[in-house]
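Here is a short briefing on selected local features of this protein model. Please keep the sequence and the structure in view while reading.

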Amino acid sequence: MRAMVVRRYGPPEVFESREVSDPQPKPGEVLIRVKTVGINFGDLLQRMGLYPGTPKPPFVPGVEIAGVVEKVAEGAKPGGAAELKRGDAVTAFTQFNAYAQWAVAPARNAHRLPAGMPFDDAAAIGVNYLTAYHSMFTMANLQPGDRILIHGAAGGVGIAAVQLARARGLVIFGTAGPAKQEYLRKIGVHHAIDYAKSAPEGIEMVMDPIGGKSFSRSQQCLGTTGRLVVYGFSAAAGPDGKRSLLRGAIALAQTPRFHPLKMMSRNLSVIGVNLGTMQSRGALLRTELEELFRMYGDGKIKPVIGKTFPLAEAAAAHRYIHDRKNVGKVVLNAT
């Protein structure tokens, strides 16, 4: 099969299309013929060698796919759902190795798609919408009328959060560059903000994937009972896409230390969200995803696919994201 291999840590140009052996599912896994691959910012950090747990090169990056089950290994039963079978259309979370024509995934991480959901949407709803939903309603317990500040509101997770916030009656503040301000207003952001120039106050929740000094500014936006949700560290990745340990170290040094007594006195919370380390809570994630599928069927949410690239053009897709050209999700077509 063809796969996009990271031959060394570095910029997008380190990708190489290679013929590799077809994966074989182990007990408890399913083999999936990949139709689409959802690109997440963590994939860019994997390519740069900055994502925790990234294998040493050469390796195949990515964690989010949609496709068709080709083979079900012994003992492969998704938690809390009917047994998967050959021919089922699924979205799945892999443990790397997603940028390929075939992939294996633990059966507990493969979710049967609702009838009629396109594979592009299926590759865009898992990581982005689960991250937003889990952050906003499971961890932060947002209620109608609460105010939320969404950084990068024109990105994949950002648009997911905006749609979920609209569905639940939240007041939405969203940040993006000047060129994307009007788009934010069109999709329902009540207050579109250029974060370099201004920031709101008294917010119930801030979603921050940036890190570094942005965490400090986000905390300052919070009011009493405010929640800061951190779910990324994009400050470690520069716009050139090159691996820079110095840049990462500077961003880490700029990250604030949240003293528990100060947090207590202000009635504030800091919440970390990383879907990749929630394997022990698979039943919870499945319940959340089922709710997202229901909302999708009701027309309350709909992934925005900013651009689709062929699998062989993974480097161009990563460069597109580094250049901040994307609005919504960027997807690879593996067929």
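Asn267 is partly exposed, with a relative accessible area of 45%. Asn267 is not a glycine, yet its phi is positive, at about 55 degrees. The model is predicted. The points below take up backbone exceptions, then helices, then strand pairing.

**Backbone exceptions**

- Most residues other than glycine have a negative phi, and most peptide bonds are trans.
- Asn267 sits in the loop between helix H7 (260-266) and strand S13 (269-272).
- Asn97 also has a positive phi without being a glycine, here of about 60 degrees.
- The loop between S5 and S6 holds Asn97.
- Asn97 is partly exposed, and its relative accessible area is 43%.
- A cis peptide bond leads from Pro57 to Pro58, with omega near -5 degrees.
- Pro58 belongs to the loop between H1 and S4.

**Helix H1**

- H1 spans residues 41-48 and is mostly covered, with seven of its eight residues buried.
- Those buried residues are Gly42, Asp43, Leu44, Leu45, Gln46, Arg47 and Met48.
- Gly49 follows H1 and has a positive phi, near 75 degrees.

**The crossing of H1 and H9**

- The two axes, of H1 and H9, come within 11 Å.
- They cross at roughly 110 degrees.
- Angles of 65 to 115 degrees count as roughly perpendicular, so H1 and H9 are roughly perpendicular to each other.
- The crossing of H1 and H9 is left-handed.
- On the H1 side, the contact is made by Phe41, Asp43, Leu44, Arg47 and Met48.
- On the H9 side, His318, Ile321 and His322 make the contact.

**Helix H8**

- H8 covers residues 282-297, which makes 16 residues.
- From first C-alpha to last, H8 reaches 22 Å, close to the 22 Å expected at 1.5 Å a residue.
- Its buried residues are Leu285, Arg286, Glu288, Leu289, Glu291, Leu292, Phe293, Met295 and Tyr296.
- The cover over these H8 residues includes strands S5 (89-93) and S7 (110-112).
- Helices H2 (119-139) and H3 (156-167) are also included in that cover.

**Strand S3 and its partners**

- S3 is mostly covered: of its eleven residues, nine are buried.
- Which strands pair with S3 in the antiparallel sense? S4, S6 and S15 are among them.
- S4 (residues 64-72) joins S3 over seven bridges.
- Val34 has Gly67 as its bridge partner in S4.
- S6 (residues 102-106) is joined to S3 by five bridges.
- Arg33 stands opposite Trp102 of S6.
- S15 (residues 329-333) pairs with S3 over four bridges.
- Ile39 has Val330 as its bridge partner in S15.

Terms used:
Residues are numbered from 1 along each chain as its sequence is written. This is a predicted model: local features need pLDDT of at least 70, side-chain atom pairs count only at pLDDT 80 or more; totals for chains, interfaces and linings use all residues. Side-chain values use heavy atoms; hydrogens and water are left out. Buried means under 20% relative accessible area, exposed over 50%, partly exposed in between (1.4 Å probe, protein chains only). Helices (H or I, at least four residues) and strands (E, at least two) are DSSP runs, numbered from the N terminus. The expected span of a helix is 1.5 Å times one less than its number of residues. Contact means heavy atoms within 4.5 Å. Two strands pair if DSSP finds at least two bridges between them. Axes are lines fitted to C-alpha atoms, for helices over the stretch in contact, and angles run from 0 to 180 degrees between N-to-C directions. Angles under 35 degrees count as roughly parallel, over 145 as roughly antiparallel, 65 to 115 as roughly perpendicular and the rest as oblique. A crossing is left-handed if the near helix is turned anticlockwise from the far one by less than a right angle, and right-handed if clockwise.
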